[in-house]
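Visitor: I have a chain to read and would like to learn how. Where do we start?

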Amino acid sequence: MVTKHITKIGVLSLGKVSGAIYAIMGFIFGAILTLTSIGMGSVMGNEGAFAGLLFGAGAIIALPIFYGILGFIGGIITAFVYNVATGFIGGLEIELE
């Protein structure tokens, strides 16, 4: 086995990957929220079902965008802090075969 050190992470690279992962999670949460709001709206009658459908459709569009942006920003901050920290304490150690 060979031991290697990760001493630097591409800031935009981690931002893009984190943004994509969080956008996928936002889509899943939005889909769950859509199904829940439609179900709860249908209990309240026709007007409630329409309101639930609108709220759910908004969630399945807005949540992936919101989560993706937050994931991108969080990834950039994480990579930046990691790169600063490795300057003081060294990189992350991994073993490769």
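Guide: At 0% relative accessibility, Gly 30 counts as buried, since buried means under 20%. Keep in mind that this is a predicted model.

Visitor: In which element does Gly 30 lie?

Guide: Gly 30 is part of helix α1, which covers residues 11-43.

Visitor: Which residues does Gly 30 touch, leaving out those up to four places away in sequence?

Guide: Contact means heavy atoms within 4.5 Å. With that cut-off, Gly 30 touches Ala 59, Ile 60 and Leu 63. There is also a C-alpha pair to note. Gly 30 and Ile 61 are 31 residues apart in sequence, yet their C-alpha atoms are 7.4 Å apart in space.

Visitor: In what order do the elements run from the N terminus?

Guide: The order is β-α-α-β. That makes 2 helices and 2 strands in the chain.

Visitor: Now His 5. Where is it found?

Guide: His 5 sits in strand β1, residues 2-6. His 5 has 47% relative accessibility, so it counts as partly exposed.

Visitor: What is His 5 in contact with, apart from neighbours within four places in sequence?

Guide: Gly 91, Leu 92 and Glu 93. Its C-alpha is also 6.2 Å from that of Ile 94, a residue 89 positions away in sequence.

Visitor: What about the surface of the chain?

Guide: The accessible surface comes to about 6,800 Å², and 76% of it belongs to carbon and sulfur atoms. Buried residues make up 21% of the 97 residues.

Visitor: Which residues make the nonpolar surface patch?

Guide: The patch is about 1,300 Å², and its members include Leu 12, Ile 61, Phe 72, Val 84 and Ile 89. Helix α2, residues 46-89, gives the most to it, with 11 residues. Val 84 is in that helix. At 39% relative accessibility, Val 84 counts as partly exposed. Patch membership asks for over 30%.

Visitor: Which residues does UniProt list as "transmembrane region"?

Guide: Its unreviewed entry lists residues 20-41 and 53-82. In the model, the span 53-82 is 100% helix and 0% strand, and its end C-alpha atoms lie 43 Å apart. Treat the label with care: such annotations may be inferred rather than shown by experiment.

Methods:
Residues numbered from 1 in each chain as written. Predicted model: local features only at pLDDT ≥ 70, side-chain atom pairs only at ≥ 80, totals over all residues. Heavy atoms only, no water. Helix = DSSP H or I, 4+ residues; strand = E, 2+ residues; numbered from the N terminus. Buried < 20%, exposed > 50% of the residue type's maximum accessible area, 1.4 Å probe, protein only. Areas by Shrake-Rupley, 256 points an atom, 1.4 Å probe, with all protein chains shown as cover. Patch = residues over 30% accessible without salt bridge, like charges linked within 9 Å, V, L, I, M, F, W, Y side chains within 5 Å. Salt bridge = Lys/Arg side-chain N within 4 Å of Asp/Glu carboxyl O.
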